[in-house]
Amino acid sequence: MATSTAAPRHSCAKLSVAVEDPKAGGGEAVFVKATWHPTRFSLAVTDGGAAWVAQASDAEVRLRAEQWDQPVADYLALAERYLAFQQPSSTYSFHDAANGNRRLSWTFEKQGTKLEWRWKLQPAPNTQQTIAEILDFLMDANIRLSEEVVRKTQSFDKLKQESEKCLQQSERFNIEKAEFEQSTFSKFVAVLNSKKAKLRQLKDKLTELESADKAPKEEDENSTDKTELFEEASDKDASVNDEPSETGGGDLHSSPEKTAATSRGGRGRKRTRK
């Protein structure tokens, strides 16, 4: 059977607790340092003047998990949730458990029911060493956090500088864009005005050509009207000459055929008389 090789996790939280014995040193706050293994965990608690420890073995954790009808992993995860960070909805207490022992307890709700978990701690074999280990852990954590803050600050400053550069570039691009648009618009307006002037010239030229074409047409129409008037007058003269005289004297202007017929008729009549 393979054993778990996962590295243990460490946590340290400052918990505000209710203390039964007001004579106990340290007041109402304790520091809880925990080491979390896959199937067990250990606790070291100090109020600044004394220290207590607890070793929750694999068997104890498994027994507690069975009592709560939970897998071991779920039991450890829930315990870490409440001991690595103080939960506002939970009530913590650190009470005397006789013979110098202490009982650390915290409450939580499950399906609307308020429950309490408790672990008994014994006085640390070496109080100063236990307190020193807790303080060392807190100092190391503080250093790591400080370094992380410095890295984040430097990263933020770098991002801020890059952001300012990007903002400056954006402003410059906007100015260049506005200048380009203005220049392009001015050129477009110039071209448009030139095209309009050219169109006006072409329109004026077209008007002149139309006027020039219209003048000869009017002259042709006038000459045509005069010709028609002349022809009408000639027709009227001819009709007047063709009409017989009202006095019965015959045609004033006889045609050659009529003259010849008349002369032959006269000769005939003369011969008869003879």
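This is a predicted model: local features need pLDDT of at least 70, side-chain atom pairs count only at pLDDT 80 or more; totals for chains, interfaces and linings use all residues.
I traced the strands next. I found an open sheet of 7 strands in the order S1-S2-S3-S4-S7-S6-S5, with antiparallel pairing. At the edges I have S1 (9-16) and S5 (92-96), each pairing on one side only. On average, neighbouring strands are turned by 25 degrees against each other, direction ignored.

I then went through some of the strand pairs. S1 and S2 (residues 29-36) run antiparallel and are joined by 8 bridges. S3 (residues 41-46) and S4 (residues 51-56) also run antiparallel, with 6 bridges between them. Within that pair I picked out Phe41, whose bridge partner in S4 is Ala56. The S3-S4 hairpin has 4 residues between its strands, and there Gly48 takes a positive phi near 100 degrees. S4 also pairs with S7 (residues 113-123), in the antiparallel sense, over 2 bridges. Here I noted that Trp52 has Pro123 in S7 as its bridge partner.

I checked what H1 (residues 58-67) touches. H1 packs on the sheet against S3, S4 and S7, and its direction makes about 75 degrees with that of S4.

I see H2 lying across S1, S2, S3, S5, S6 (102-110) and S7, at about 110 degrees to S6. Which residues of H2 are buried? I listed Tyr75, Leu76, Leu78, Ala79, Glu80, Tyr82, Leu83 and Ala84. I marked Glu80 in that list, a buried residue of H2.

**Entry: aromatic rings**

How many aromatic pairs does a search of the whole structure find? I got 9. I took Phe108 and Trp117 as an example: their ring centres are 5.0 Å apart and their planes stand at 75 degrees, over the 60 needed, so I call the pair edge-to-face. Both Phe108 and Trp117 are buried. They belong to one aromatic cluster, together with Trp68, Tyr75, Tyr82 and Trp106. Tyr75 and Tyr82 are also on my list of buried H2 residues.

**Entry: charges over rings**

I finished with charged side chains placed over rings. The charged end of Arg64 sits over the ring of Trp119, 3.9 Å from the ring centre. Lys33 lies over the face of Phe137, at 5.5 Å from the ring centre.

Conventions
Residues are numbered from 1 along each chain as its sequence is written. Side-chain values use heavy atoms; hydrogens and water are left out. Two strands pair if DSSP finds at least two bridges between them. Rings of Phe, Tyr and Trp (its six-membered ring) pair if their centres lie within 6.5 Å; planes under 30 degrees apart count as stacked, over 60 as edge-to-face and the rest as tilted. Buried means under 20% relative accessible area, exposed over 50%, partly exposed in between (1.4 Å probe, protein chains only). A charge sits over a ring if NZ of Lys or CZ of Arg is within 6 Å of the ring centre and within 35 degrees of the ring normal. Axes are lines fitted to C-alpha atoms, for helices over the stretch in contact, and angles run from 0 to 180 degrees between N-to-C directions. Contact means heavy atoms within 4.5 Å.
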